[in-house]
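Let's take a friendly walk through this structure together. Have the sequence and the 3D view at hand as you read.

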Amino acid sequence: MSEKPGLTRAGLIDAALTLLDEVGLKGLTVRRLAADLGVKSPALYWHIRTKQELLDGVAEAIVRAAGLGPPHDGEPWQDWLVRRALAYRAAVLGHRDGALVVASSTRLGAEALELFDAELRALVAEGFTPRLALDTISALSHYTTGFLLREQSPPTAGAGPVGALPGTLVAARRAGGGGFETGARLIVAGAERELAGVTGG
């Protein structure tokens with residue numbers, strides 16, 4: 001089968017994102033995507049070889065929408081990392097089952113990898129070792145993805161009301177605030193302490 005004129009990989013990924021929002025991850029199939037695009041499934045294989053490659057492309061589009069890349073000029077690295085985590089969370093929450101898609105991704109494309117490398121170089125310029133830079137960003141990314149998986153998961157059956165929890169948990173839940181951003185700042189604070197040990201600061 002010949003390639004349909006005008007069908008591009010970027011257009012295919014955009015269509016897959018739209019379909020994801022409509023039917024969720026379980027409903028996102030190559031056959032359904034092809035039908036929405038008005039082609040037969042084999043036509044898509046000019047641009048993607050497997051469903052996993054399609055999901056990797058969708059995940060990369062979601063992550064790139066968060067604005068990967070080094071900090072702005074003059075922006076403290078601590079503020080940048082928190083901003084990065086918040087933007088990543090917002091981008092993933094913008095899509096149905098976005099957390100599942102990102103968590104199931106097996107690889108990033110060349111452009112996303114270059115942006116990620118620029119982030120690592122920015123931390124190294126602040127005194128991080130390459131290993132500490134990678135561990136810091138990985139810890140924040142894994143924390144964010146785990147938080148998102150919980151946020152986008154169905155409610156747990158049989159979960160009791162706040163009042164049924166032990167006293168300290170009740171007080172913590174009723175206090176409000178904190179949540180995701182507090183956790184991100186705790187990770188950044190830990191990285192700051194590790195950096196002080198590296199630089200002697």
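Of the 201 residues of the chain, what percentage count as buried? The figure is 36%, where buried means under 20% relative accessible area, exposed means over 50%, and partly exposed lies in between (1.4 Å probe, protein chains only). Please keep in mind that this is a predicted model, in which local features need pLDDT of at least 70 and side-chain atom pairs count only at pLDDT 80 or more, while totals for chains, interfaces and linings use all residues. Residues are numbered from 1 along each chain as its sequence is written, and side-chain values use heavy atoms, with hydrogens and water left out.

Now for the overall layout. The chain has 10 helices and zero strands; helices (H or I, at least four residues) and strands (E, at least two) are DSSP runs, numbered from the N terminus. Among contacts (heavy atoms within 4.5 Å) between residues at least 6 apart in sequence, 74% join residues at least 24 apart.

One stretch carries a label from a record. UniProt, in an unreviewed entry, places the feature "DNA-binding region" at residues 29-48; such annotations may be inferred rather than shown by experiment, and the positions are given in the numbering used here, with feature names shortened. Over residues 29-48 the chain is 60% helix and 0% strand, and the end C-alpha atoms are 13 Å apart.

Next, look at a pair of helices. Helix α5 (residues 77-93) packs against helix α8 (residues 130-151) at an angle of about 35 degrees, with their axes 10 Å apart. Here axes are lines fitted to C-alpha atoms, for helices over the stretch in contact, and angles run from 0 to 180 degrees between N-to-C directions. On the α5 side, the contact residues include Trp80, Leu81 and Tyr88, and on the α8 side they include Ile137, Leu140 and Phe147. The contact residues divide into 10 nonpolar, four polar and three charged, with Ala, Val, Leu, Ile, Met, Phe, Trp, Tyr, Cys and Pro counted as nonpolar, Asp, Glu, Lys and Arg as charged, and the others, Gly among them, as polar.

Finally, compare two residues of α8. Thr145 lies in this helix and counts as buried because its relative accessibility is 14%. Leaving aside its neighbours within four places in sequence, Thr145 is in contact with Tyr88, Val102 and Ala103. Ala139 also has its place in helix α8, but Ala139 is partly exposed, with a relative accessible area of 33%. Ala139 and Ile187 are 48 residues apart in sequence, yet 7.5 Å apart in space, C-alpha to C-alpha.
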